[in-house]
Every structure is written in C-alpha cells, then in structure tokens.
Amino acid sequence: MTVTYTARVNVTGEGRNGGTVRSDDGLIDTTLAFPKELGGPGDATNPEQLFAAGWGACFLGALRRVAAQRKIRLTSTEITAEVTLTHGEDGEFGLSAVLSPVLGGVDQATAEELAAAAEQTCPYSKATRNNIPVTINALAA
C-alpha cells in the first residue's frame, strides 16, 4: 500500500471537554467543548462535528469522482452530514450517521446511484462500514 497523505493532529488537555486540537500545519487550531445538549457550554467544536465535516467533504469528493468517471455532469453538489453520539443500553457510547447529498443536474434515480457508488469508494464510508448505522438520503436538486 502506498501512502498518499497523512494528517497529523495533536489533542491536549481534557479531550472533548476543554481540550485543544492543533494540526501540524497550523490550519486547525481550536478548542473542544461538550455541546449544550450534553450539558456543556457549546462554545467550541466537538469531535462529532469534526468527524461530520471530514466525512461530508470526503463523501462529496467521492460523489464528484464517480460522476466524472461515468461522464455525468453535476451542476451543483452539497451535503449535510450528521454524526450522532449514541448511548446504548449496555452503557457504551457509539455513533450513527446520516449523509444527505443534494446533486444538481441529475434525476432522483441517478442521484441515488451516484450516492451508492460514492459509499463504496469514500474512505470514511469504507472505514465505518458495518461498524455504525449509516443512512444515505440522496436527493436530486
């Protein structure tokens, strides 16, 4: 396997509750906080938001790539990525996700087909496959 790119971040302090996240290139430099929904101040980002941002961006890139491979011209692309922190009856925390891409320039069937193909190629989707519940709701714009 050839390494294409490695992202490196350093997390310090209390992790998700008052910790800091810094990337080695300085482009990410932020504080973490519990969201208000978990009793926190909600005044900083959290791991679920960061994961949703990365996955959403990756999935959208995969969608554009599979469309280009199939010579399908998309007139617009956007995605809402939701990552939910869950708490099971066993007391353990987990994640679930909903990805909702909206694709312009295609019909509903094509939007769904492209989203299914992107789910097979997106590295985040591959990493989470069969590990967490994921729903994909593709829409044609």
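To sort residues by type, count Ala, Val, Leu, Ile, Met, Phe, Trp, Tyr, Cys and Pro as nonpolar, Asp, Glu, Lys and Arg as charged, and the others, Gly among them, as polar. By that sorting, the lining of the largest pocket divides into 4 nonpolar, 4 polar and 2 charged residues. Please keep in mind throughout that this is a predicted model.

**Overall build**

- The protein chain has 141 residues, of which buried residues make up 30%, and its C-alpha atoms fill a box of roughly 50 × 40 × 30 Å along the principal axes.
- There are 3 helices and 7 strands in the protein chain, and from the N terminus on these elements follow the order β-β-β-α-β-β-α-α-β-β.

**Two domains**

- The domain assignment divides the protein chain into domain 1 (1–45) and domain 2 (47–140), and the C-alpha centres of these two domains lie 22 Å apart.
- The contact between them takes 5 residues from domain 1 and 5 residues from domain 2.

**The largest pocket**

- The largest pocket, with a volume of about 160 Å³, is lined by Pro-35, Glu-37, Leu-38, Gly-42, Ala-44, Asn-46, Glu-48, Gln-49, Thr-84 and Leu-85.
- Helix H1 (47–69) and strand S4 (76–87) each supply at least two residues of this lining.
- Because domain 1 (1–45) and domain 2 (47–140) both give residues to the lining, the largest pocket lies between them.
- One of the lining residues is Glu-48, which has its place in helix H1 and is in contact with Arg-16, Val-83, Leu-85 and Leu-95 once neighbours within four places in sequence are left aside.
- Glu-48 has a relative accessible area of 10%, and it counts as buried because this value is under the 20% cut-off.

**The largest nonpolar core**

- In soluble globular proteins, nonpolar side chains tend to be buried together.
- In this model, the largest nonpolar core holds 22 residues, and those that touch the most other members are Trp-55, Phe-59, Leu-63, Leu-74, Leu-103 and Leu-114.
- H1, strand S5 (93–104) and helix H2 (108–121) are the elements that give two or more residues to this core, and the largest share, 8 residues, comes from H1.
- With neighbours within four places in sequence left aside, the contacts of Trp-55 include Val-83, Ala-97, Leu-99, Tyr-124 and Ile-132.

**A buried and an exposed residue**

- Ser-23 lies in strand S2 (residues 20–23), and with 11% relative accessibility it counts as buried, because the cut-off is under 20%.
- Leaving aside neighbours within four places in sequence, Ser-23 is in contact with Arg-8, Val-9 and Ile-28, while Ser-23 and Ala-7, 16 residues apart in sequence, are 7.6 Å apart in space from C-alpha to C-alpha.
- Ala-141 lies in the segment after strand S7 (139–140), and its relative accessible area of 68% makes it exposed, because exposed means over 50%.
- Although Ala-141 is exposed, it touches Ser-76, Val-102, Leu-103 and Gly-104, not counting residues up to four places away in sequence.
- Ala-141 and Leu-50 are 91 residues apart in sequence, and their C-alpha atoms are 26 Å apart in space.

Definitions and conventions. Residues are numbered from 1 along each chain as its sequence is written. This is a predicted model: local features need pLDDT of at least 70, side-chain atom pairs count only at pLDDT 80 or more; totals for chains, interfaces and linings use all residues. Side-chain values use heavy atoms; hydrogens and water are left out. On a 1 Å grid over the protein atoms alone, a cavity is a set of points where a 1.4 Å probe fits but cannot get out, and a pocket is an open set with protein on both sides within 12 Å along at least five of seven lines; lining residues have an atom within 4 Å of a point. Grid points are joined across faces, edges and corners, and a volume is the space filled by probe spheres set on the points. Helices (H or I, at least four residues) and strands (E, at least two) are DSSP runs, numbered from the N terminus. Domain bounds come from an automatic or database domain assignment. A nonpolar core is a set of buried Ala, Val, Leu, Ile, Met, Phe, Trp, Tyr and Cys residues joined through side-chain atoms within 4.5 Å. Buried means under 20% relative accessible area, exposed over 50%, partly exposed in between (1.4 Å probe, protein chains only). Contact means heavy atoms within 4.5 Å.
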